[in-house]
Amino acid sequence: MAMAQRFGRTKNIAKRSKKHLEEALYDRLFKEGGSDVSVRQQLNQFLKSKKRVFKWEVGDTLNKLRDRKLYYPALKLSEYMEKRGMNKTVSDQAVHLDLVAKVRGIDAAENYFVDLPETSKNHLTYGSLLNCYCKELMTEKAEALLEKMKELNLGFSSMPFNSLMTLYAKTGHPEKIPAIIQEMKASSIMPDSYTYNVWMRALAAVNDISGAERVIEEMKRDGRVAADWTTFSNLASIYVEAGLFEKAERALKELENRNAHRDLSAYQFLITLYGRTGNLSEVYRIWRSLRLAFPKTANISYLNMIQVLVNLKDLPGAEKCFKEWESGCATYDIRVANVMIGAYAKEGRLENAEELKERARRRGADPNAKTWEIFSDYYLRNGDMKLAVDCLEKAIDTGRGDGGKWVPSSETIRTFMRHFELEKDVDGAEGFLEILKKVVDDLGVEVFEPLIRTYAAAGRTSPVMLRRLKMEKVEVSEASKKLLEAICVE
């Protein structure tokens, strides 16, 4: 039987022959959970088994892997099935190009595109490469490729223009988007809901709120594209950011009406937006609706609600909600506790913050970097530099939850260095730098200039300071260079 015929069989899993997998490929890959490690293990077992699989299953599995951002196993599966003789359509090649870009980088994706047969270089593969450029914020390459697509007179949809508009929005050039809209109209390319939503956000970014409202009216006149959840959530966010709370609440009411399927993220969005309008009663009303729809309420929902209440300065309400969560949670989430720890610290209630930190630890939730950052900020505000530095070091040593480095913000670093300078505390500054070196490779001028001023203010000398600056490749200001003349004496 020919390969193409074998991959084209009907989707009747119950009638599989023993030559094929006994369960659907995607079920097999996810049967031990959806983590990257377990999926890779199951994929390796499948590849070693030499079992056959239907082409439609490969496509469905690739879509599920991409949806879960499991790009490496998706690429491995795509490549291996091609080696086993699975014929790729141009659509499959476009997906493969996107996976190559995500796993191996844009250069590898370009090479893959160049090596494609000319018959495969159509609007799908060109569009995939364009989308890769846009995601990598490569404006010049994206614009040049779109011009090339126009020269080749490829059949256009709204998708490549949507990609370019998203690129302009992300790179801080929303003013370029209306021209793209006009070009689409001139070329009779019909906008979709994504087009309208990006256009609306672009107008809001340049403070053209009435223009954003006109986009909604144009959508209604269009008739093909109905305003959806994204449209009204964008509109509500735009009104909130502009301080137009009455209009925001009307848009939020429209959103509520559209949440017929009781989507959890929709409830959380509504709570956040009502919180930003300052409407506490509406926040509680939506929370009650969420609790009715989801009696087993997730940690993330409590986290969102408690944060909104803290932002609205309803600390008693936040404490009540926290106690409710704490009494029934299956897993004690330090992120939820951190919201209350931060609220207590901000109110100067250090004893409450410390007690909650220890209670969380007893429940199996050790302090994370955010916990230690909260305490460091508290001690920094209250002038206890030793404890502030100690907590900051603990945050750095704890690291991020994903295993990455936790790095203090530039503002935090400046605040510490400013204090050492005012106190003429050279030893404190140098000790702080040693801690920073654990996670910061290049300390930079924003650290060394205050360090130089601290040495000068304290009347201390450092014969090796010039050498340190040279090793760190730091170029300081003229004012700092003058101070160095007095500092760098033998």
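**Entry 1**

I started with Lys 253, which is partly exposed at a relative accessible area of 36%. (Buried means under 20% relative accessible area, exposed over 50%, and partly exposed in between, with a 1.4 Å probe and protein chains only.) This is a predicted model, where local features need pLDDT of at least 70, side-chain atom pairs count only at pLDDT 80 or more, and totals for chains, interfaces and linings use all residues. Residues are numbered from 1 along each chain as its sequence is written, and side-chain values use heavy atoms, leaving out hydrogens and water.

Next I looked up who Lys 253 pairs with: its side chain forms a salt bridge with Glu 256, at 4.0 Å from N to O. (A salt bridge is a side-chain nitrogen of Lys or Arg within 4 Å of a carboxyl oxygen of Asp or Glu.) Both sit in helix H15 (residues 245-258), three residues apart, so about one helical turn separates them. (Helices are DSSP runs of H or I with at least four residues, strands are E runs of at least two, and numbering goes from the N terminus.)

**Entry 2: Glu 319 and Arg 349**

I then found a salt bridge between Glu 319 and Arg 349, 3.2 Å from N to O. Glu 319 is in helix H19 (residues 315-328) and Arg 349 is in the loop between helix H20 (334-346) and helix H21 (350-362), so the pair ties together parts 30 residues apart in sequence. Glu 319 is buried at 18%, while Arg 349 is partly exposed at 29%.

**Entry 3: Asp 333, then the count**

I checked Asp 333 too: its salt bridge with Arg 335 has the closest N and O atoms 2.7 Å apart. Asp 333 is buried at 12%, and Arg 335 is partly exposed at 42%. Back at Lys 253, I noted that salt bridges with shared partners join Lys 253, Glu 256, Glu 282 and Arg 285 into one network. My count came to 38 salt bridges.
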